[in-house]
Amino acid sequence: APIVAFSSINDNLPQACCLHITEHLYGEALAAAETNEPVVHTLITCLEDEEKMSELLLKDSHKYSLPPILRLVPSKRTNNADTQETSYSSLLDRRSDRPSEVVTVKAETAVGNGELQVEEEEEEPEVVVVETESYAHLKKTQSRRYIPRLENMQAENQKLRKQFQAKQSSRRYQSMLQERKKLPAFQKQAEILDLLNKHQVLVVSGMTGCGKTTQIPQFLLDDSLNNPPGMLANIICTQPRRISAISVAERVAKERTERLGGIVGYQIRLECVKSSSTRLLYCTAGVLLRRLSGDPNLHGVSHIIVDEVHERTEESDFLLLVLRDLMLSRSDLRIVLMSATLNAQLFSDYFNLCPVIQIQGYTFPVDQYFLEDAVTMTKYVIEDGSPYARTTKPNDPWKAKGKTNRNTVDQVEEELMSLNVHDQTVVRDSVPDQQLTVKQLVARYKGISKSVIKTMATMDLEKINLDLIEVLLEWIVDGDHDYPPGAVLIFMPGLAEIKMLYEQLQSNPLFNNRRSKRCTINPLHSSLSNEEQQAVFNRPPEGVTKIIISTNIAETSVTIDDVVYVIDSGKMKEKRYDPCKGMESLEDSCVSRANAQQRKGRAGRVASGVCFHLFTSHCYQHHLQDQQLPEIKRVPLEQLCLKIKILDMFEGCDLESVLSQLIEPPAEEGLKAAKSRLQDLGALTTDEKLTPLGYHLALLPVDVRIGKLMLFGAIFRCLDPVLTIAASLAFKSPFVSPWDKREEANNKKLEFAVAHSDHLALCKAYKCWTAALKENCHSGYSYCKENFLSGRVLQEIASMKRQFAELLSDIGFVKEGLKARYIDKMSSQGGDGIVEATGQEANSNAENMKLVSAILCAALYPNVVQVTVPQGKYQHTSSGAIKMPPKAEELRFVTKNDGNVHIHPSSVNYQVRHFESPYLVYHEKVKTSRVFLRDCSMVSVYPLVLFGGGQVNVQLERGQFIISLDEGWIRFAAASHQVAELVKELRWELDQLLEDKIKNPTMDLCSCPRGSLIINMIVKLITTQ
């Protein structure tokens, strides 16, 4: 049985209360021990259960305690001299989002007998004023969460120091230490420690493979463990991606022969593996920024390491600004910035010319080859009619010569035959290879054979040539060369290209393993599960070549030790954002020189390596950018604006002045668009003040629209379906569409169609999946297979729902004290546990699909599209002319700012010919070949008026009362003037009610008469429309 003791530093806490709390904790510890749960975490969770703790603190006697010692503080004298009230309000450090309560104990006194004397001079206790706005108190609660208990930390530090000293003699630890010493970073250990003793900020510049990510945090930790007793280092190291935070933490824990979650841990969005003994935490930059909102001084943190700063993510750039301000008030805080070599000086300049230390790169040489080299070495020849053959374009030099009727190969042959060796053609470096004639290519690439020039001239250099990649792989696996065996890492732009290459390789006997196992092929993409991603780290048997097809996630985020060969397609997916149109697009773009160097650096970790870039050497030297465009210049800024507003250090500062201090400020148009959208959502006022809604949205680690969706789902008691939609929007759709069964998959998806809504179709599919799981796991698997659903994605959605419920519980919008792991345990077989954990009351409207659609409108507004129908066509019949319904392709979809857009083919609305309401809401629009709307749902006019942004206007036009909003873009006729005014009044009442609820999340709208009346009226209006 566990041993449990409880003590408090509060002298006013009665002994009986301590005994009651200890008794409660002991019971919980026994239960946890029986189920093999971590007892310490269980006890901490119990202590955070305020309702139970409040109940125990009110008990002033226990069968094993002495009679309570009363420490009386007099209140004002009353006529009843026999009774005094003693204030014990200091006993409980209450959560501040509840009204203040005073715990009183009545004590019988005998003043006349002199048994208990009370000095009249004692002052009356000061009344503490408690703010009622929970979002303000939530910040105070958060700050208390991060303040360490000094005596606990010191005891833990002593324990960690002893364990570290004992481990020094371990054979396993010494073996790992010898491996670490082989890394280039290890040679700089003394210099790094010395510089950090003298300077507050240090920039470490080291190429991929030098070991900076795994070793430098350990240098700092080991140094403090070896020093005399004192405060042990407490290090936070940020990573740009979740997968890198996990994989690096696992690697460092392995090097230290520790279990993950001990002295080394990690924390990413919605997942945390750490404990009270964790002194080196790997996390994403977003996690650290959220901590700063509740703990602006980073109590107890000694070192902040920002890794891969050269990637210039939005969060890392903003984190640098925050740290630059924080270091002024925390002179003891040490900051380390780790970057690739190309732009280290930029960060040194930003931190007042702080020192830079250089670390050499890979341990083995890496040969670098370009497109012309790859063609030469593999003798690749492009065939006429190949999908990768060059086609004539408007600016093609051959089109100007009038030779467009002839195939490309013939034209190149003719030009090669007519070449004069004495020609001295001059070609400007600024002209891309794709625009050159054969004559100009020969002039640019002197010494290259004519056969290679012919291939380059006939190849479309803007496409990723999968045939060339296949030939390269054949050369690597089965070719005549002197390079050692090892893994092959291929960089592709995205998942679609990974699938295409994988499928092409499956038709090649060398790679498909049908006859003999020569190769293993592993995809690597951020959407894969941790288990699937781990497969790339496994070493294959001798004689088997491991081939990894990856996005740029393998460029910096993960290190695969046995890679010898790299094939760089030269392309990557990059988010682009047009603030004027409010449109995001994921576009193929060329890598920068920095990216190319990073990719090259992935080879040569264990032996001499080789890197093939599928672009020419001239392109590398003259056309690639030095660096990628910083993310802050190409993504929406809403979340960043909320982060600025929630941080105390920027209180009173306008957004523009804060953003202007960034290392490279974003465009002015992007900031204007972000402010406008936040104001539409109700998160920001016109004078840039954070509203209560904005405060809560800033605390939720999701897109602001998804956050608003979750809050409104809790308010209107349809939590379960709303969390399903929110989790899918935050992660990905579970519907899959195989290349060879796309039509069949789309037809299956249409079977889930409800009320012309992709979001409700998702809810139906998810609900049916949980029902199938309740039978048995095999039924769930079969259901997914039959309906083209990803079981892995559905499981991730279930997990995210539980995490979202915990987040809503933390900020008071659903039942307090919910934790994701407990929700999981409460679920019945096959369910996700949400309804069981949050209660029927929070889900009383869960089956009301019209209400769920209305809440979607509240979250996604102003993402509204109008459906316009063409003029009617009539068909003559024997009984007269009949109006024909329009065809799906004749409908037009129009947004306020973009004009015509298109429904994505994967939507259940793609072939719909008639919509009962002329309005749809959508989550995002994406520009590929055209502007497409993804995940759209039909909404009626009343939800738009009640939940949409902007002013509601009522006007009389041609005898009709017209209700309009959004400057007249959305408008409809009301049945009468009374109805129009009622809707307008109801909208005003709802706005006031929601503001009260968001200020005080624990307020039950349905229990107060006014709230109950308004909510019921709105639900009835929406449901019966």
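1. A cavity here is a set of points, on a 1 Å grid over the protein atoms alone, where a 1.4 Å probe fits but cannot get out. Grid points are joined across faces, edges and corners, and a volume is the space filled by probe spheres set on the points. With that in hand, a search of the whole structure finds four cavities of 30 Å³ or more.

2. Before going on, a word on the model. It is a predicted one, in which local features need pLDDT of at least 70 and side-chain atom pairs count only at pLDDT 80 or more, while totals for chains, interfaces and linings use all residues. Residues are numbered from 1 along each chain as its sequence is written, and side-chain values use heavy atoms, with hydrogens and water left out.

3. The largest cavity has a volume of about 80 Å³. Lining residues are those with an atom within 4 Å of a point, and for this cavity they include Ile-725, Leu-729, Phe-735, Lys-749, His-759 and Asp-935. Helix H30 and helix H32 (758-775) each supply at least two residues of the lining; helices (H or I, at least four residues) and strands (E, at least two) are DSSP runs numbered from the N terminus. By class, the lining has five nonpolar, three polar and three charged residues. Ala, Val, Leu, Ile, Met, Phe, Trp, Tyr, Cys and Pro count as nonpolar, Asp, Glu, Lys and Arg as charged, and the others, Gly among them, as polar.

4. Do look at H30 again, this time for its packing. The axes of H30 (residues 719-730) and H37 (residues 849-860) come within 10 Å and cross at roughly 45 degrees. Axes are lines fitted to C-alpha atoms, for helices over the stretch in contact, and angles run from 0 to 180 degrees between N-to-C directions. The two helices are therefore oblique to each other (under 35 degrees counts as roughly parallel, over 145 as roughly antiparallel, 65 to 115 as roughly perpendicular and the rest as oblique). Pro-721, Val-722 and Ile-725 of H30 meet Val-852, Ile-855 and Leu-856 of H37, contact meaning heavy atoms within 4.5 Å. The residues of this contact divide into six nonpolar, no polar and no charged.

5. The peptide bond from Tyr-861 to Pro-862 is cis, with omega near 10 degrees. Pro-862 sits in the loop between H37 and strand S19 (864-868).

6. The axes of H28 (residues 692-699) and H29 (residues 704-715) come within 9 Å and cross at roughly 110 degrees, which makes H28 roughly perpendicular to H29. On the H28 side the contact is made by Leu-693, His-696 and Leu-697, and on the H29 side by Val-704, Gly-707, Lys-708 and Leu-711. This contact has four nonpolar, two polar and one charged residues.

7. The second largest pocket has a volume of about 1100 Å³; a pocket is an open set with protein on both sides within 12 Å along at least five of seven lines. Of its 38 lining residues, the closest to the centre are Arg-251, Glu-255, Thr-559, Asp-561 and Arg-605. Helix H9 gives the largest share of the lining, six residues. By class, the lining has nine nonpolar, 13 polar and 16 charged residues.
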